[in-house]
There are 2 protein chains.
Amino acid sequence: MKNEKAKVRIIPLGGLNEIGKNITAIEYKNDIVVIDCGLKFPDEDMFGIDIVIPDINYLLNNKEKVTGIFLTHGHEDHIGALPYVLKQLNVPVYGTRLTLGILETKLKEHGLLSTTELIIVKPRDVIKLNSVSVEFIKTNHSIADSVAIAVHTPLGVVLHTGDFKIDYTPIDGQQTDFARFAELGKKGVLALLADSTNVEKPGYTMSEKVVGESFNRIFAKVEGRIIVATFASNIHRIQQIIEASRLYGKKVAVSGRSMENIVQVAIELGYLEIEEEMLIGIDQINKYPNDKVVIITTGSQGEPMAALSRMAACDHRKISIVKGDTVIISATPIPGNEKLVSKVINQLFKQGAEVIYKSLADIHVSGHACQEELKLMQALVKPRYFIPVHGEYRHLKQHGELAMSLGLPKENLIIMENGDIIEANRSAIKKNGSVISGQIFVDGLGVGDVGNIVLRDRKYLSQDGIVTVVVTLSRENNSVVAGPDIISRGFVYVRESEGLMDEAKEVVRKVLLNCEEKNIKDWATLKSRIRDELRSFLYEKTKRRPMILPIIMEI
Amino acid sequence: MKNEKAKVRIIPLGGLNEIGKNITAIEYKNDIVVIDCGLKFPDEDMFGIDIVIPDINYLLNNKEKVTGIFLTHGHEDHIGALPYVLKQLNVPVYGTRLTLGILETKLKEHGLLSTTELIIVKPRDVIKLNSVSVEFIKTNHSIADSVAIAVHTPLGVVLHTGDFKIDYTPIDGQQTDFARFAELGKKGVLALLADSTNVEKPGYTMSEKVVGESFNRIFAKVEGRIIVATFASNIHRIQQIIEASRLYGKKVAVSGRSMENIVQVAIELGYLEIEEEMLIGIDQINKYPNDKVVIITTGSQGEPMAALSRMAACDHRKISIVKGDTVIISATPIPGNEKLVSKVINQLFKQGAEVIYKSLADIHVSGHACQEELKLMQALVKPRYFIPVHGEYRHLKQHGELAMSLGLPKENLIIMENGDIIEANRSAIKKNGSVISGQIFVDGLGVGDVGNIVLRDRKYLSQDGIVTVVVTLSRENNSVVAGPDIISRGFVYVRESEGLMDEAKEVVRKVLLNCEEKNIKDWATLKSRIRDELRSFLYEKTKRRPMILPIIMEI
């Protein structure tokens with residue numbers, strides 16, 4: 001008992017009060033175990049941003065302690081930030097075979113494959129580090145090869161479920177490792193961190209198998225070509241589409257870059273089973289009768305650049321929708337994507353396709369546990385402390401209430417925020433300060449060079465455009481040598497507003513004259529007067545507030 | 001039978017393949033009857049646009065035939081464009097009492113009240129025009145005083161349902177006028193235009209009364225203050241909140257401009273019943289114990305400027321959320337608003353409020369008919385021709401299929417697009433050409449001065465910002481007198497990118513030098529070279545594509 005004062009620290013650097021960007025540090029003495037390292041897709045008001053990654057300053061400042069990054073599964077929101085993070089923090093990455101297979105494709109694109117140490121693990125493997133060890137435990141999710149991660153510390157086990165659901169009839173036959181969860185629960189789990197995504201949904205998430213039955217039913221009836229859009233990473237869904245195709249003697253083609261990549265990886269690693277002669281190239285689809293062709297494609301979220309959206313907009317190089325096609329959208333729109341998906345559905349209908357989507361049939365199930373499954377996890381693990389993760393505040397709060405309804409004492413529930421330092425030992429858990437955390441914007445090649453000022457300007461520009469005022473002044477006596485010229489973009493349609501622009505020039509001229517008379521040589525003052533006068537003038541005339549950019553050149 | 005060749009024309013100028021902006025012209029000989037005149041809220045990519053209204057060029061070109069605008073109910077998507085349209089087309093407006101009461105507030109704001117002829121009608125009223133007459137028929141919807149409109153022509157009745165649902169236990173006791181619909185159906189209806197909004201939903205929409213029962217249940221249990229957010233126009237919902245408040249001896253205060261406006265109008269016109277001493281001002285809420293206060297507020301869609309969002313963000317001047325408050329969001333997020341609503345829910349939870357929202361209780365019902373109600377309308381009216389309206393293409397198509405499943409012949413179904421001219425007589429219906437239709441953007445004071453070019457620029461600016469290049473050249477010999485200066489906004493954070501900007505200046509200098517040497521005096525050519533060179537340079541360095549605006553001044 002010489003480490004009486006030692007504590008386990010749990011530091012979430014992302015994934016709380018947000019969807020995505022999952023990353024959590026579990027720290028004990030000279031070990032920092034990092035669980036997952038995901039990206040987030042930008043909110044609508046993050047104009048021009050490609051992706052958002054977590055701020056890992058805390059890990060960089062404690063580089064020598066970070067013993068590895070441990071992955072729960074291969075979704076973007078759990079592995080997508082790795083290509084950026086590994087450039088700054090080159091540590092071993094542990095994951096199951098498919099997870100690392102998917103990661104490899106990414107690392108190759110970023111030229112990081114040769115410099116990264118990837119360590120393949122399987123469920124029940126235990127990795128011994130300095131003073132802790134890390135164990136992987138089989139779970140089910142909407143991607144194959146998902147695991148929970150248990151960090152064994154001298155003070156007890158910290159168990160992170162990752163994303164999970166309970167599927168008694170999973171496609172690969174590998175159920176959640178109930179026995180191991182129960183065993184850990186029996187020995188005593190110090191803290192459980194569990195997925196809160198579906199906590200608002202009562203009951204159980206249906207088995208993936210239900211979707212396969214729907215495919216079989218639909219494939220049996222459809223006479224034309226079948227196009228199924230789903231998430232590229234949902235290998236089990238893809239396997240079921242293949243099974244249904246086999247049952248009805250159809251060939252399968254794959255469309256969309258991420259779908260092609262993942263299908264290839266999954267076949268190579270043995271996660272997808274398909275006879276060679278059944279899988280045809282997208283160029284070959286026209287060699288077969290329509291009723292013998294199934295196309296699996298990306299674009300189930302209505303992403304404008306994805307294959308399905310291109311087909312819907314008659315913009316796909318190789319596939320044209322024809323009357324008699326049946327399109328199955330095997331996904332639910334992620335909040336924020338409803339309008340995009342709806343647009344694609346409308347376009348497909350207009351082109352004469354039949355479209356089958358979630359509100360009409362059982363063609364999608366969630367990958368996350370609903371209330372009864374979450375209760376089962378609590379009942380198996382019986383944690384001393386409970387920390388809901390993966391969700392917005394509403395989800396975390398309700399997950400906490402669910403645990404309390406099963407007997408968790410209120411003081412043993414912690415609702416964290418990104419950057420919180422949670423310290424726990426056998427007798428207590430509490431917040432104790434915080435570390436830097438946050439979001440780093442990736443825009444083109446720039447990582448972190450776009451900040452709030454740039455974003456604020458983009459937003460401002462998007463609302464009413466920009467009005468640029470240029471004038472050349474004499475250094476000697478302030479007199480106007482050329483200009484003022486006024487050029488606007490995104491403000492008004494200029495041809496119809498010549499009068500307005502002439503009046504605006506007059507406003508600027510007056511300011512210039514006034515400054516010349518008063519001999520104001522301070523360009524900053526002059527610019528701010530131009531900005532103020534022009535702003536009020538334009539607002540009065542148009543009730544719009546364009547960005548005003550005065551530029552003074554002196555000769 | 002001298003008008004053998006006369007035809008009824010149905011011309012939708014808005015509301016098809018979109019949600020909102022509802023307006024339809026029914027034309028027979030020298031009568032054009034306009035049904036509704038609504039606005040649409042801008043899509044996310046319509047940057048800076050306040051509202052979208054229909055293009056009414058067709059009506060303006062046939063001004064002398066337009067005999068009136070006939071309103072089905074008082075929602076924005078049915079009356080919201082009137083203040084703009086009436087300025088160009090001053091015709092009488094017919095509507096029920098509450099509909100016109102709500103409209104009056106709007107017309108007052110636009111200074112149009114004195115010049116507009118408003119004619120109050122009630123269900124079963126018939127307005128005789130030149131060669132047609134217009135009849136109003138009671139329906140149910142999520143706003144009181146809604147009606148369907150029947151245009152009686154010598155060729156038969158054209159019946160437009162407006163937005164509707166079937167409610168056997170409506171709050172005001174006034175059921176849909178089943179008898180009149182059936183009577184028209186018996187006599188023979190030439191064409192039915194019916195609301196398709198909820199066609200994807202099986203079964204029946206629940207009665208508004210169900211929501212009242214939920215309120216009673218919740219109000220009985222809650223011990224603190226109650227805040228209910230709902231649509232301002234849903235008078236029946238508001239009445240039920242008042243009833244529940246009365247039952248438990250609570251006072252009611254109202255917050256949010258549109259809520260205050262409509263509640264006032266509704267009380268004045270007798271559509272809302274509340275004892276004077278029960279309704280308190282928002283300034284008085286602190287004079288009563290928390291458990292005696294109910295606040296009815298706007299913001300159920302998470303609109304950032306609405307009262308509830310302000311409370312959630314601690315930004316409301318008069319109401320602060322305190323622990324113990326219960327907030328009821330009595331609405332479902334309209335597609336596209338999910339994230340905004342979710343943000344408000346999270347903020348309210350964080351402040352310690354309990355939040356009750358749709359996924360947790362029966363606190364909202366739709367105002368639109370589901371499949372079984374739509375079938376009832378078909379069965380009552382038995383139209384010769386059927387034209388689904390109010391919906392995206394997917395809804396129109398499925399509504400058509402619903403009608404055909406009840407026996408409508410395929411050739412008697414018409415799916416229209418905005419601007420189509422549909423011609424019908426007793427023996428046939430067909431599309432026959434089209435008129436100009438479309439969307440007019442309202443931005444500040446400008447109506448129609450923002451077009452696709454301006455919007456495209458705003459979108460472009462929002463992605464990667466703008467880079468302005470200014471240079472003053474000598475008129476004589478093309479030599480550079482001042483500059484080049486480069487100023488960017490929304491592109492990169494300038495302080496961190498000085499090097500990049502210096503290099504960019506060098507790129508511009510080279511172009512200028514080259515042009516000076518070649519004696520190029522054509523500024524357009526010079527500008528386009530600067531733009532091209534700078535674009536490739538910046539893309540190579542950053543993989544971003546800012547708008548590039550070269551400005552040349554000459555002296």
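## The rotation axis

Of the residues of chain B, B:S462 comes closest to the rotation axis, its C-alpha lying at 2.4 Å. In this predicted model, chain B is superposed on chain A by a rotation of 180° with 0.1 Å of shift along the axis, and the RMSD is 0.1 Å. The two copies are thus related as by a two-fold rotation axis. Both use the same surface for the contact, since 100% of the contact residues of chain B recur in chain A.

## The interface between the chains

How much area do chain B and chain A bury between them? The value is about 5,700 Å², with 58% of it on carbon and sulfur atoms. Chain B brings 67 residues to the contact and chain A brings 68 residues.

Polar links are part of the picture too: 28 residue pairs are in polar contact across the interface of chain B and chain A, both residues being at pLDDT 80 or more. On the chain B side, the elements giving two or more residues are the helices α10 (338-350), α12 (393-405), α13 (452-464) and α15 (523-542), together with the strands β24 (466-473), β25 (480-489) and β26 (547-554). Helix α13(B) supplies the largest share of that side, 8 residues. Sorted by class, the side of chain B that touches chain A has 26 nonpolar, 17 polar and 24 charged residues.

## Charged pairs across the interface

Side chains of opposite charge can pair when their charged atoms come close. Across the interface of chain B and chain A there are 8 salt bridges. One of them joins A:D464 to B:R458, with the closest N and O atoms 3.8 Å apart.

## Salt bridges within a chain

Over all chains, the structure holds 62 salt bridges. In chain A, the side chains of A:E109 and A:R257 meet at 3.3 Å, N to O. This pair links distant parts of the chain, 148 residues apart: A:E109 is in helix α4 (residues 97-109) and A:R257 is in helix α8 (residues 257-268). A:R257 is exposed, with a relative accessible area of 59%.

Now for a second pair: are A:R225 and A:D325 buried or exposed? A:R225 is buried, at a relative accessible area of 4%, and A:D325 is buried as well, at 1%. Their side chains form a salt bridge of 2.8 Å, N to O. A:R225 sits in the loop between α6 (208-221) and β13 (226-229) of chain A, and A:D325 in the loop between α9 (307-312) and β17 (326-329), so the pair ties together parts that are 100 residues apart in sequence.

B:E554 is partly exposed, its relative accessible area being 31%.

## Helix α5 of chain A

Which residues of helix α5 (residues 178-187) of chain A are buried? They are A:F178, A:R180, A:F181, A:L184 and A:G185. An α-helix has 3.6 residues a turn, so residues three or four places apart point the same way.

The buried residues of α5(A) pack against strands β9 (133-138), β10 (147-153), β11 (156-160) and β12 (189-195) and helix α11 (371-381), which belong to chain A. After α5(A) comes A:G188, whose phi is positive, near 110°.

Terms used. Residues are numbered from 1 along each chain as its sequence is written. Chains are lettered from A and ligands numbered from 1 in the order in which they are written. This is a predicted model: local features need pLDDT of at least 70, side-chain atom pairs count only at pLDDT 80 or more; totals for chains, interfaces and linings use all residues. Side-chain values use heavy atoms; hydrogens and water are left out. Buried means under 20% relative accessible area, exposed over 50%, partly exposed in between (1.4 Å probe, protein chains only). Helices (H or I, at least four residues) and strands (E, at least two) are DSSP runs, numbered from the N terminus. Contact means heavy atoms within 4.5 Å. Buried area is the accessible area (1.4 Å probe) that two parts lose on being put together, summed over both. A salt bridge is a side-chain nitrogen of Lys or Arg within 4 Å of a carboxyl oxygen of Asp or Glu. A polar contact is a pair of N or O atoms within 3.5 Å; within protein, one must be able to donate a hydrogen and the other to accept it, and residues adjacent in sequence count only if both atoms are side-chain atoms. Ala, Val, Leu, Ile, Met, Phe, Trp, Tyr, Cys and Pro count as nonpolar, Asp, Glu, Lys and Arg as charged, and the others, Gly among them, as polar. Copies are superposed by least squares on the C-alpha atoms of residues with pLDDT of at least 70 in both.
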